[in-house]
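Colleague: I am new to this structure and would like to go through it with you. Please show it first.

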Amino acid sequence: FSPMCIDLYDESKLNTYYDVLKEAIDNRASNGTNWVYMSSGFDSSGILSFLVDIFGKSKVRAIIARFKYSNKSGVINNFEIERAKKITEYFSLPLEIVDIDYTSKTYLEFWEKIRPTLKSKHIYNLLAYNFYFLASKINEFGSDNDAIFTGEMSDGAHNFGFAQFASILEHQDLNF
């Protein structure tokens with residue numbers, strides 16, 4: 001393995017990156033409600049801040065799952081939920097919390113019901129279960145005009161650029 005050499009970018013490159021990312025989010029957003037699947041990390045928080053900046057807080061909602069994978073370990077992401085609460089409080093947004101309990105009887109019933117469909121599409125992971133419940137909750141509150149941003153899934157695309165982009169957020173007074 002030979003890692004690629006990464007250049008240090010000056011302020012103009014960082015501003016260009018900021019503008020391109022903001023435009024990409026704006027182009028994919030809705031004039032209705034824009035939902036952000038929160039992870040309390042950099043990407044979902046950054047997307048949330050862009051959406052609030054572009055549309056105002058009335059057109060942005062945040063949602064996160066509270067995961068219970070086993071009775072022994074209980075809820076495994078309390079730290080993440082508490083951090084997401086602080087982030088959404090900063091923007092004066094409500095945070096919808098969806099309980100996803102892998103120990104419940106409904107978990108097994110759900111898989112029995114959707115297994116043939118998922119199998120036919122070669123989907124064999126637990127993310128389908130997680131996103132099904134998050135999307136179901138959005139469906140309760142949302143409309144056909146809404147957009148959903150999944151910032152928690154973009155970590156791999158941005159983590160190497162985190163330090164540079166974080167400095168842009170500091171310059172834009174979007175610290176949280």
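What follows is a set of questions and answers on this predicted model.

Colleague: How many helices and strands does the protein chain have?

Modeller: From the N terminus on, the order of elements is α-β-α-β-β-α-β-α-α-β-α-α. The secondary structure of the protein chain comes to seven helices and five strands.

Colleague: What percentage of the contacts in the protein chain with a separation of 6 or more comes from residues 24 or more positions apart?

Modeller: The protein chain has 176 residues, of which 40% count as buried. Among contacts with a separation of 6 or more, residues 24 or more positions apart account for 76%.

Colleague: How are α1 and α2 oriented to each other, roughly parallel or roughly perpendicular?

Modeller: Helix α1 covers residues 11-28 and helix α2 covers residues 42-55, and their axes are 10 Å apart at an angle of about 75°. Angles from 65 to 115 degrees count as roughly perpendicular. The two helices, α1 and α2, are therefore roughly perpendicular.

Colleague: How many charged residues are in the contact of α1 with α2?

Modeller: From α1 come Tyr18, Leu21, Lys22, Ile25 and Asp26, and they meet Ile47, Phe50, Leu51, Asp53, Ile54 and Phe55 of α2. By class, the contact of α1 with α2 has eight nonpolar residues, no polar ones, and charged residues numbering three.

Colleague: Is Lys22 buried, exposed or partly exposed?

Modeller: Lys22 is in helix α1. Leaving aside neighbours within four places in sequence, Lys22 is in contact with Phe50, Asp53 and Ile54. Its relative accessibility is 24%, so Lys22 counts as partly exposed.

Colleague: How far apart in space are Lys22 and Ile47, C-alpha to C-alpha?

Modeller: In sequence, Lys22 and Ile47 are 25 residues apart. In space, their C-alpha to C-alpha distance is 8.4 Å.

Colleague: Is Gly46 buried or exposed?

Modeller: Gly46 is in helix α2. Its C-alpha atom is separated by 9.9 Å from that of Leu21, which is 25 residues away along the chain. With a relative accessible area of 5%, Gly46 is buried.

Colleague: Which residues of α5 make the contact with α4?

Modeller: Helix α4 (residues 105-120) and helix α5 (residues 127-141) pack with axes 11 Å apart and at an angle of about 105°, so α4 and α5 are roughly perpendicular to each other. On the α4 side the contact is made by Tyr107, Phe110, Trp111 and Leu118. By class, the contact of α4 with α5 has eight nonpolar residues, no polar and no charged. The residues on the α5 side are Ala128, Tyr129, Tyr132 and Phe133.

Colleague: Is the aromatic pair of Tyr69 and Tyr102 stacked, edge-to-face or tilted?

Modeller: The structure holds nine aromatic pairs. For Tyr69 and Tyr102, the ring centres are 4.7 Å apart and the planes are at 50°, so the pair is tilted.

Colleague: How many residues apart in sequence are the parts that this pair ties together?

Modeller: Tyr69 lies in strand β2 (residues 60-70), while Tyr102 lies in the loop between β4 (95-101) and α4. The pair therefore ties together parts whose separation in sequence, in residues, is 33.

Colleague: Is Tyr102 buried or exposed?

Modeller: Tyr102 belongs to one aromatic cluster with Phe67, Tyr69 and Tyr107. Tyr69 has a relative accessible area of 37% and is partly exposed. The relative accessibility of Tyr102 is 10%, so Tyr102 counts as buried.

Colleague: Over the ring of which residue does the charged end of Arg61 sit?

Modeller: The charged end of Arg61 is 5.4 Å from the centre of that ring. The ring belongs to Phe141.

Definitions and conventions
Residues are numbered from 1 along each chain as its sequence is written. This is a predicted model: local features need pLDDT of at least 70, side-chain atom pairs count only at pLDDT 80 or more; totals for chains, interfaces and linings use all residues. Side-chain values use heavy atoms; hydrogens and water are left out. Axes are lines fitted to C-alpha atoms, for helices over the stretch in contact, and angles run from 0 to 180 degrees between N-to-C directions. Helices (H or I, at least four residues) and strands (E, at least two) are DSSP runs, numbered from the N terminus. Angles under 35 degrees count as roughly parallel, over 145 as roughly antiparallel, 65 to 115 as roughly perpendicular and the rest as oblique. Contact means heavy atoms within 4.5 Å. Ala, Val, Leu, Ile, Met, Phe, Trp, Tyr, Cys and Pro count as nonpolar, Asp, Glu, Lys and Arg as charged, and the others, Gly among them, as polar. Rings of Phe, Tyr and Trp (its six-membered ring) pair if their centres lie within 6.5 Å; planes under 30 degrees apart count as stacked, over 60 as edge-to-face and the rest as tilted. Buried means under 20% relative accessible area, exposed over 50%, partly exposed in between (1.4 Å probe, protein chains only). A charge sits over a ring if NZ of Lys or CZ of Arg is within 6 Å of the ring centre and within 35 degrees of the ring normal.
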